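Hello,

Here is the structure I said I would pass on. Please load it before reading further.

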Amino acid sequence: MTTFYFVRHGKTEINAEGRFNGGTVDSPLVPSGVVATQKMAEHLKNVSFDLALASPQQRAQTTAEIILAENEQAPQLTIVEELRELRLGDWDGQPIEQIKANYPQELIYYRTRPDLFDAQRFHAEDYQTLITRSMQVIETTAKNQPEGNVLVVTHGILLIALLNTLKGLPLAKIREGGIVDNSSLTILNYSEGKVLFETWGQTF
């Protein structure tokens, strides 16, 4: 059985400014994001990670580096392109309130009915593509690392889509319950398609 430690990156400047923080934009962690991640790192310092994976976006790498810095026998961080956040095309980096005003129905679909979200209209990536690429990471990693602990540091939309898919929810319902918080931890035991969550969205 592979135990995955899924972490959403710490809060960033773009998060704090209320702008869309998708797969084509990036910004540093704010001080509170660093502190929250350091608290998680303290909680995880005695976990022996066999593998550490992170999105290529700097906010995820910074978060991973903070966690691994506290780990006594930390593996080298591996960057995985498929862990990049959902690319939001024309919306990326834009104020959320502005998109809400200009595209109210589309924003509702984006947040509550991913199956109806017309990603192509905004030059964005669709949810199914996000799910396919992130599931491939989990399946391949579990095959290559059938036992042990794997740290995965990535993003909010990717995580809620991936984790709810692993729970068996259909595309239409993967945004139910809202995304996990910044600097949160979700622990999953995974073996040949068997899924058992120990922790969901824990903050410190």
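This is a predicted model: local features need pLDDT of at least 70, side-chain atom pairs count only at pLDDT 80 or more; totals for chains, interfaces and linings use all residues.

Residues are numbered from 1 along each chain as its sequence is written, and side-chain values use heavy atoms, with hydrogens and water left out.

Aromatic pairs. The structure holds 15 of them. Rings of Phe, Tyr and Trp (its six-membered ring) pair if their centres lie within 6.5 Å; planes under 30 degrees apart count as stacked, over 60 as edge-to-face and the rest as tilted.

One of the pairs is Phe-4 with Tyr-190, edge-to-face, at 6.3 Å centre to centre and 75° between the planes. Phe-4 lies in strand E1 (residues 2–8) and Tyr-190 in strand E5, so the pair ties together parts that are 186 residues apart in sequence. Helices (H or I, at least four residues) and strands (E, at least two) are DSSP runs, numbered from the N terminus. Phe-4 is buried, at 0% relative accessible area. Tyr-190 is buried too, at 8%. Buried means under 20% relative accessible area, exposed over 50%, partly exposed in between (1.4 Å probe, protein chains only).

Another pair is Trp-91 with Phe-122. This one is tilted: 4.7 Å centre to centre, 50° between the planes. Trp-91 is in the loop between strand E3 (77–79) and H4, Phe-122 in the loop between H5 and H6, 31 residues apart. Trp-91 is buried at 1%, Phe-122 at 3%. Both belong to a cluster linked by ring pairs, along with Phe-20, Tyr-103, Tyr-110, Phe-117 and Tyr-127.

Helix H5. Tyr-110 sits in this helix (residues 104–112) and is buried, as are Glu-106 and Leu-107.

Charges over rings. The charged end of Arg-175 sits over the ring of Tyr-110, 5.1 Å from its centre. That of Lys-167 sits over the ring of Trp-200, at 4.7 Å. The test is NZ of Lys or CZ of Arg within 6 Å of the ring centre and within 35 degrees of the ring normal.

E5 (residues 185–191) and E6 (residues 194–202) run antiparallel, joined by six bridges. Strands pair if DSSP finds at least two bridges between them. Tyr-190 has Val-195 as its bridge partner in E6. Two residues separate the strands, and Glu-192 in the turn has a positive phi of about 45°.

Best wishes
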